[in-house]
Amino acid sequence: MGIRVLPENVAAAIAAGEVVERPESVVKELIENAIDAGASRIQITIEGGGRKRIEVVDDGEGIPSVEVPLSFARYATSKLSTKEDLFNIRTLGFRGEALSSIAAVSNLEIITRAKDEETGTKITVSGGKVKGQNPFGAPEGTTVRVQDLFFNVPVRLKFLKTKTTERRRISKVVSRYALAYPHISFTLKFEGKARIQTSGNGNRLEVLGSVLGLDIAKEMIAIPETEGSRISISGFISSPSVHRGSRREITLFIQGRWVQDASLSAAVVQAYHGLLMVGRYPLAVLFIKLPPELVDVNVHPAKSEVRFQDPGTVFTVVQRVIRGVLLGQAPPPQLEVETTWQSFERPRTPVMVDPHWEIAHHESKEQSEGIVQKKLDRIQVPLLRSVGQVGASYLVAEGPDGLYLIDQHAAHERVLFEAMMRTWGEQMVESQALLEPVTLSLSHSESLLIEEQIELLKALGFDIELFGRDIFRLRAIPAIMSNTDPSSALRSVVEEIEEDERPLADAVEARIVARVCKRAAVKSGQVLSLEEQRNLIRDLEACETPRTCPHGRPTMIHLSVESLERQFGRRG
Ligand code: ADP
Ligand code: MG
């Protein structure tokens, strides 16, 4: 066989393979087209996991009837005309490949009416061949209906996952775009049932709630948008109390485009260094914008990768901004002492400067590195000297830089949590054998739960076995609960597991352990001996994250010498 130019349909099929990998990619391309068309409403309907039908309806500017046949020709686009335009791309599409690729591997129908035209157009294409085109009454906007995806590419069909998996992937694409474009109202329906519905009122927080679930959304920290910086970053990151077993929940939008970028994901992870346990990853949705000439979006036909002119800088900025925001949250709140006589001139400026502001305004790299470093130091606790206990709830301690008030319950929770997570990782959680086994008769639902979670309970340090119908025998309990009555120790944990809505979900161990620690920790109102006070402070100093309890509340308040001096009028 000699060299020859491939027939158009073969070339198209090869190209299509790069753009359209699975139903998810079709949905992504069609959403991007609708966004480029200025839509304010995008409705997506999926049947058969996307294999049978994908329909995207928008109210955008539509396609003029004379251009309709061109829209799915290869390399046909209205978004780019000169080579220079490639370096100044402001639309999501620009390669003119999506519709042609989709048309090549499906039965495609486009119904569209341009803003200034009286009637619309309907065109039908099958496997890349036009079957018919006629005028068609339609509202302003565009409907693209993709049916029987990959009907002519059986190999691709084989690679598709189950309908549920494809649905999950599609809903992820839609929810991410809904987050990135809160001014557009998105609707996603599977087999006629609405799954995602956003209002389009521009409130990103609201979308976040509907995308991540309210529980998680509440744990997200907003990154305020930088003004006047060449690289701007905004979005949401999870507080260190929420984490996942993989990086999959780190979503990046660059120039409004959803991209994968291993290096930037790593920058996000790095920013959490020391705040998350090994093997745990944060959640993040980041919107990164930079001048178009600094980023090349034309890397791959699927447009899901970008190349930065200066990748190192972007990496550093992402890492620093996130670190700054996180540490801004992590240090103990400064104590505000109200003094009447000084109230006129007392400076109201917070002691902490907004880390975001600092990073945005410090040009020199060394300088901002210094700031981050200084903040890093601040989350560690210096050596403290125990002074005493107040109100049977707070420990008073002195450090080289002032006074510390420590919440004994929160502090103990932190200490127990870290100790337990350490031994948990090594599968060596200590248990305390009971002198006499305890027999427990439980409710039917409690016992179902114990049977279901028996492995988790054993891992926590409970030695427990089924003894009869709804009856259990308990031989040992976690060592950290050894001062608790054994049956209430078990019940409290069972209660916690029950309260956890998704007992088998990600990070369940850390959550359950945190709750066990809450139960086991000294309570406020408990008088501690001098030695107990000293020990607790020592243990807290040794913690990796001493300044917050496992639930994210502060364990201590710091009153610096400087602020003491200000309060006493020794300083201006
Ligand atoms: P690209 O988006 O890279 O330009 P596509 O193949 O996705 O390439 O689309 C080709 C052209 O068809 C676009 O440039 C645009 O002019 C037109 N088009 C596609 N979808 C829409 C839509 N939903 N609304 C208006 N015009 C559209
Ligand atoms: Mg496109």
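**Terms and the values behind them**

Me: Which residues of helix α9 (residues 262-271) are called buried?

Reply: In α9 the buried residues are L264, S265, A267, V268, V269 and A271. Each is called buried because its relative accessible area is under 20%, whereas exposed means over 50% and partly exposed lies in between (1.4 Å probe, protein chains only). The element is a helix because DSSP assigns a run of H or I of at least four residues; a strand is a run of E of at least two, and both are numbered from the N terminus. The model is a predicted one, in which local features need pLDDT of at least 70 and side-chain atom pairs pLDDT 80 or more, while totals for chains, interfaces and linings use all residues. Residues are numbered from 1 along each chain as its sequence is written, chains are lettered from A and ligands numbered from 1 in the order written, and side-chain values use heavy atoms without hydrogens or water.

Me: Which polar backbone atoms meet ligand 1?

Reply: Oxygen atoms of ligand 1 lie 3.1 Å from a polar backbone atom of R95, 2.8 Å from one of G96 and 3.2 Å from a backbone N or O atom of A98. The protein buries 94% of the 530 Å² that ligand 1 exposes when taken alone, with areas from the Shrake-Rupley method and a 1.4 Å probe; for residues, only the protein chains shown count as cover.

Me: How many residues surround ligand 1, and how do they divide by type?

Reply: There are 18 residues around ligand 1, the closest being T77, S78, K79, G96 and L99. A residue counts as near when one of its heavy atoms lies within 4 Å. The shell comprises six nonpolar, eight polar and four charged residues. Nonpolar covers Ala, Val, Leu, Ile, Met, Phe, Trp, Tyr, Cys and Pro; charged covers Asp, Glu, Lys and Arg; the others, Gly among them, are polar.

Me: How do you know that β2 (residues 53-58) and β6 pair?

Reply: Six bridges join these antiparallel strands, and they pair because DSSP need find at least two bridges between two strands. R53 has Q147 as its partner in β6. Strand β3 (residues 107-113) is also antiparallel to β6, over seven bridges, and L108 is bridged to V146. In β6 (residues 141-147), six of the seven residues are buried.

Me: Why is E191 called partly exposed?

Reply: Its relative accessible area is 40%, and E191 is therefore partly exposed. E191 sits in the loop between β7 (185-190) and β8 (193-197), and its phi is near 45°, a positive value in a residue other than glycine. Most residues other than glycine have a negative phi.

Me: What makes G202 partly exposed, and which residues does G202 touch?

Reply: At 22% relative accessibility, G202 counts as partly exposed. G202 lies in the loop between β8 and α7 (204-212) and touches P182 and H183, residues up to four places away in sequence not being counted. Contact means heavy atoms within 4.5 Å.

Note on methods
A polar contact is a pair of N or O atoms within 3.5 Å; within protein, one must be able to donate a hydrogen and the other to accept it, and residues adjacent in sequence count only if both atoms are side-chain atoms.
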